[in-house]
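Biologist: I am new to this structure and would like a close look at a single part of it. Please keep the account plain.

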Amino acid sequence: MLDIRSLSCLELETYMRERGLPEFRGRQLFKWLWKNRITSVQEVTEFSKELREQLAQHLLIYNLEQVSRKISVDGTIKWAFRLRDSLIVETVLIPEKDHSTLCISSQAGCAMGCAFCLTGKMGFFRNLDPSEIAGQALAVLRDITVAKPPRNIVFMGMGEPLANFENLLKAIEILTSDLGLNFSQRRITVSTCGIVPNIIELGRRSSAGLAISLHATTNTQRDRLMPINKAYPIETLLNACRDFNLPARRRITFEYLLLKGINDAPEDARRLSALLRGIPSKINLIPFNECPEIPFSEPERDSVLRFQEILKELNNTVIIRKSKGRDISAACGQLFYDRHDKKISGKDLTGCLSCS
Ligand code: SAH
Ligand code: SF4
């Protein structure tokens, strides 16, 4: 059966029209789904009992099942949600001064196999559908009483959002509808390992922000860390960034994971700056969050600061991303569940979710 939370407002209008019902019923239903946050069609009191029953026979609303919620000492909250086939995804809410940022998963697992990433190690299970992507925001909004409501959304949870492209776009459409959750496109950021054709398409078809997980300054280095680089090497990736349809006053975020002895040398900082020349950019340095399963280490604080200094001297905008929620494993690492909710890692880890 069709999960109607995967349908945009327009599609719900079409759905109603095709069944001989007035289009505005679609709009009403969309509003009830996302603004009134109903969990079943029976709750739409604006509809007659007959209509509700008729719709309930053909339509499904799947509500993400909350498996756990953990709250960090720094206020970060991490949820695990069970999907209808029992796979688990995680969502994190990161508090800022006057708002919070919601970090959403786009896939269960990931097929990209980056060497530093536990989600990569876990492999790929499936794409999330639009209702499961946007539904994470809904589930969080329903549950938060302790934090400020989210203003920003980042696709930095589990999975590669540009490998689930159509569902991502649909979810963004749903999340930004003024009849629904009404997030601003400008406050949504999609993070990618570098699937070039879809970067270009993202620029054409949405005005969401772009974050690139660059993590290396030579192709030899990046080939080793991120297999996607063999398909779309650094020059191709950065050319796509140069061509990216960047809304006025915006910049592309470049995430740069610092791995001790691998990509944290002063020459790397200088090469990074040279590579980004001409691209409106800001750099987020992410000191690697260690986990036993991954054979990399976090650089000493001094070399992280030196790396940042070099970039600053070369006129780059650069911050060191604060790790939040480390005590509840929401700061970084990955979700590492087996197919159905049984943890197979010693740790309860979640994707690199600390965004500030
Ligand atoms: N697939 C997308 C989005 C999810 S990963 C992407 O790769 O961009 C979100 C961020 O977490 C990426 O920048 C990723 O490289 C980073 N990351 C993964 N494992 C990490 C770790 N152990 N420590 C720090 N950052 C990590
Ligand atoms: Fe996938 Fe991103 Fe992890 Fe790479 S870093 S394996 S693309 S989730």
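How many residues of domain 1 are in contact with how many residues of domain 2?

Modeller: This is a predicted model, and what follows is computed from it. The domain assignment of the chain gives domain 1 as residues 2–60 and domain 2 as residues 65–345. Between them, 16 residues of domain 1 are in contact with 17 residues of domain 2. The C-alpha centres of domain 1 and domain 2 are 33 Å apart. About 1400 Å² is buried between domain 1 and domain 2, and carbon and sulfur atoms give 62% of that area. On the side of domain 1, S6, W34 and R37 supply 44% of the area buried against domain 2, more than any other three residues.

Some individual residues of domain 1 can now be taken in turn. D3 lies in strand 1, which covers residues 2–3. D3 has a relative accessible area of 6%, so D3 counts as buried, the limit being under 20%. Leaving aside residues up to four places away in sequence, D3 touches L60, I61, Y62, R84 and S131. With S131, the side chain of D3 makes a polar contact of 3.0 Å between side chains.

E11 is placed in helix 1, residues 9–18. Its relative accessibility is 29%, and E11 is therefore partly exposed, since that class lies between 20% and 50%. Apart from residues up to four places away in sequence, E11 touches S6 and K170. S6 is also one of the three residues named above for the area that domain 1 buries. The side chains of E11 and K170 are joined by a polar contact of 2.9 Å. E11 and F30 are 19 residues apart along the chain, and their C-alpha atoms are separated by 9.7 Å.

Q28 belongs to helix 2, which runs over residues 24–34. Its relative accessible area is 15%, which means that Q28 is buried, again by the limit of under 20%. Setting aside residues up to four places away in sequence, Q28 touches E46 and F47.

Last comes the ligand. Around ligand 2 are C110, M112, G113, C114, F116, C117, G120, G159, E160 and C193. By type, this shell divides into six nonpolar residues, three polar and one charged.

How values were computed
Residues are numbered from 1 along each chain as its sequence is written. Chains are lettered from A and ligands numbered from 1 in the order in which they are written. This is a predicted model: local features need pLDDT of at least 70, side-chain atom pairs count only at pLDDT 80 or more; totals for chains, interfaces and linings use all residues. Side-chain values use heavy atoms; hydrogens and water are left out. Helices (H or I, at least four residues) and strands (E, at least two) are DSSP runs, numbered from the N terminus. Buried means under 20% relative accessible area, exposed over 50%, partly exposed in between (1.4 Å probe, protein chains only). Contact means heavy atoms within 4.5 Å. A polar contact is a pair of N or O atoms within 3.5 Å; within protein, one must be able to donate a hydrogen and the other to accept it, and residues adjacent in sequence count only if both atoms are side-chain atoms. A residue is near a molecule or strand if one of its heavy atoms lies within 4 Å of it. Ala, Val, Leu, Ile, Met, Phe, Trp, Tyr, Cys and Pro count as nonpolar, Asp, Glu, Lys and Arg as charged, and the others, Gly among them, as polar. Domain bounds come from an automatic or database domain assignment. Buried area is the accessible area (1.4 Å probe) that two parts lose on being put together, summed over both.
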